[in-house]
Amino acid sequence: AVIIASGASAKWLGLEREKELIGHGLTSCATCDGAFYRNVPVCVIGGGDSACEEATFLTRFASKVYLVHRRDSLRASKIMADRALANEKIEPVWNSVPVRYVTDAEGEMCGLGVRNVLTGEESTLDIKCVFVAIGHTPNTSPFEGKIEMDGHGYLKQIGGTRTNIEGVYAAGDVADPVYRQAITAAGQGCASAIEAERWLAEKGLA
C-alpha cells in the first residue's frame with residue numbers, strides 16, 4: 001500500500017530576496033500568520049476567491065488591508081468580491097503589480113513597492129506583512145499519467161482517500177484544493193492509514 005502526502009507548494013512572486021523574507025513579513029497563509037499582525041497595515045496579493053477570503057479574514061486583526069491586483073476588477077466570485085470590497089478595512093490597489101519588498105534595519109518587512117501597469121508609476125505601500133494569495137501547485141508531477149487528477153493537478157480521491165489505483169491513497173494538500181490546513185491534512189493522513197490497513201487486511205497481508 002502507498003499513501004501519497006506530498007503536499008502543495010504556494011506560488012510566489014519571484015521578487016528579489018523572497019525566500020529569505022518568508023517568516024519575516026512574507027507569508028502565503030493568513031489563517032496561519034494573521035494573528036501576528038494585530039493593529040498594523042498589511043497587504044494581500046491576488047484577485048481570486050482565496051485572496052478575497054484572506055483579505056476579509058485579516059480584517060479581524062490588521063488595522064488596514066491593501067488588496068493588490070493587476071486588473072481593475074477582481075476575478076473572484078461575485079459574493080466573495082462584494083464581501084471584500086464592502087469591508088471598510090480593505091482598500092483595493094487596482095492595476096498594480098508588486099515590484100520589490102522593502103525591509104527595515106532588522107530585515108523585517110516594512111513596505112511593498114508596486115507599479116501601476118497602466119501608467120508605469122511606482123509607489124510604496126507602508127505595510128508590515130505581505131500575504132501572497134495567487135494559488136498553490138500540488139506536488140504531483142511524479143504521478144502524471146499514472147494517477148487520476150483534476151484539472152488543476154490535485155489527486156482525485158474516491159470514496160474517502162482512495163485513488164483510482166488499488167492500494168494507493170492520497171492525503172492532505174496533494175488532494176485538497178479547498179482547506180489546505182495542517183489539521184485537515186493530518187486528519188486525512190489518519191484516514192488514509194486506516195483505509196490502507198483495511199485494504200491490506202482484506203488481502204491477508206496485515
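Which residue forms a salt bridge with Asp82? I went looking for the partner in this predicted model, and it turned out to be Lys78, with the closest N and O atoms 2.6 Å apart.

**Entry 1: Asp82 and Lys78.** I checked where the two sit, and both are in helix α4, which covers residues 78-86. They are four residues apart, about one turn of the helix. Lys78 comes out at 64%, so I have it down as exposed. Asp82 is at 38% and counts as partly exposed.

**Entry 2: the count.** I looked up how many salt bridges the structure holds, and the number is four.

**Entry 3: Lys64 and Glu91.** Here the closest N and O atoms are 2.5 Å apart. How accessible is Lys64? I get 28% relative accessibility, so Lys64 goes down as partly exposed. Glu91 has a relative accessible area of 33% and is partly exposed too.

**Entry 4: Arg100 and Glu122.** I noted 3.0 Å between the closest N and O atoms of this salt bridge. Arg100 belongs to strand β7 (residues 96-103) and Glu122 to strand β9 (residues 122-126), so the pair ties together parts that are 22 residues apart in sequence.

Notes:
Residues numbered from 1 in each chain as written. Predicted model: local features only at pLDDT ≥ 70, side-chain atom pairs only at ≥ 80, totals over all residues. Heavy atoms only, no water. Salt bridge = Lys/Arg side-chain N within 4 Å of Asp/Glu carboxyl O. Buried < 20%, exposed > 50% of the residue type's maximum accessible area, 1.4 Å probe, protein only.
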